[in-house]
Amino acid sequence: MGIFQSIIEWVLNLGAAVFVPIIIFILGLIAKMPLKKAFTSALTLGIAFTGMNMLIGFMSNAVTPATEALATNTGISLPAIDLGWTAAASITWSWVYAFVFFAVQIGINIIMLSLNWTKTLNVDMWNVWGKALTAYLVYFVSGKLWAGFVAAGIQIILELKMGDMFQKHVEDLTGIPLVTVTHPMNLSAVLMLPVNKLMDYIPFLNKKADTNSLRKRIGIFSENSVMGFLIGFFLALGSAYSVSDALNLGVQVGTAMTLFPMVSKLFMQSLSPLSDAMSDFMKERFKDREVYIGLDWPVLGGRSEVWVTLIIIVPIFIAYSLILPGSTVLPIASVLNYSIAVGGLLLTGGNLFRMIILGIIFSPVYVYGSAYLAPILTGLAKSTGAVDVPKDGLISWASIELPELRIFLAEAFNGQVWAIIATLVFIVLFVWLYKVMNSAKIPSERYEAIEK
């Protein structure tokens, strides 16, 4: 176990930009890609992840001071410190059982592929820690270690089936064949589905409203650079920035939003050759059988609807954390709530108006999810010594991914009847979403059909 853990730690220390391309390189060789082509594809993927993460970091570093200022101006303080996902990941990896979930994820994936229960091969091993976090949360609340493993297994299965149902929509949004997204944040679409269905009855929300279609209606104001500049500028003014500082933040956000689509093209350039090779490989061995490559969410980072939604929701997210009773976490380190934006993108096909409405309605889920998580993450940090926690202090993750299902599972295994019912309702909604997304037209056709 010690040797295995040391190997895994060494691989993880390489970072996702190296770790995932290594897996892609191996898959390419298995699919009989020429060595040079497999290496070039893997290297380009590493560059794409690095470029996208650099831009995400640039955007976060630009926006975070404005959100801090916005929160400080209210004069309200909350007891739990938001350390973001990076701290949550570091703390989770320090749990003694965390590394076992590599085997759990791989084992379940292989079984489901072998039995043709899924078409998705999840190569996003970097985010295995998310399954370990679910397991620890359930274990902490219920006191049952086996329950933690069962809960993590349920999450893995849902992620694979999610990869299946979203694949054609991911392909249409990105242009990358046979690639899907298996990140658990996209399960936010499960609770959003009923509200999105209700919006089908509102004529205004049934028109195509991604940034490309808006360009025809509002011209220059729909350009990524202009939208980014205006959103950053007004966010800064709302945070009591000087005009010169507001102009600078506007330019920074505009810069990021201009570069996101450019970097996203590298994902297509790197993954398209692998998709073709994998398709040929599977056709040789299994008639009419496809395998989708499950990746992390940044493959969708080129869609400007994600970033517009993220920044518009920032002041709303902060406002909820300040006014809702029972809130304990002020979102600073993780104020950009990717779960709502990326899940909303896939559910609505990039309808910007629907995405923003869903963000406004569902932000409280994360306010209470992070409040619930605070004592648990604090306890894990103290028991492992992974993060220094002030005496009597609390730490959390404001935009924790999949808060609803994690809480439902934890309390269900703790014997709470309401949580058992809530878990069953979530599964029923997931099945509904699965049917809807499999039968739905791809985003580029969806709203034209509704309008007709």
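**Two helix pairs in a predicted model**

**View 1. Helix α12 beside helix α13.** The axes of helix α12 (residues 304-323) and helix α13 (residues 338-348) come within 9 Å and cross at roughly 140°. Here helices are DSSP runs of H or I with at least four residues, numbered from the N terminus, and axes are lines fitted to C-alpha atoms over the stretch in contact, with angles from 0 to 180 degrees between N-to-C directions. The two helices are therefore oblique to each other, a word for angles that are not under 35 degrees (roughly parallel), over 145 (roughly antiparallel) or 65 to 115 (roughly perpendicular). Glu-305, Val-306, Trp-307, Thr-309 and Leu-310 of α12 make the contact with Tyr-338, Ala-341, Val-342 and Leu-345 of α13, where contact means heavy atoms within 4.5 Å.

The model is predicted, and local features need pLDDT of at least 70, while side-chain atom pairs count only at pLDDT 80 or more and totals for chains, interfaces and linings use all residues. Residues are numbered from 1 along each chain as its sequence is written, and side-chain values use heavy atoms, leaving out hydrogens and water.

**View 2. Helix α5 beside helix α7.** Helix α5 (residues 100-114) and helix α7 (residues 145-174) have axes that come within 10 Å and cross at roughly 45°, and α5 and α7 are therefore oblique to each other.

**View 3. Residues between α5 and α7.** On the α5 side, the residues that meet α7 are Val-100, Phe-101, Val-104, Gln-105, Ile-108, Asn-109 and Met-112. Their partners in α7 include Phe-149, Ala-152, Ile-156 and Leu-160.
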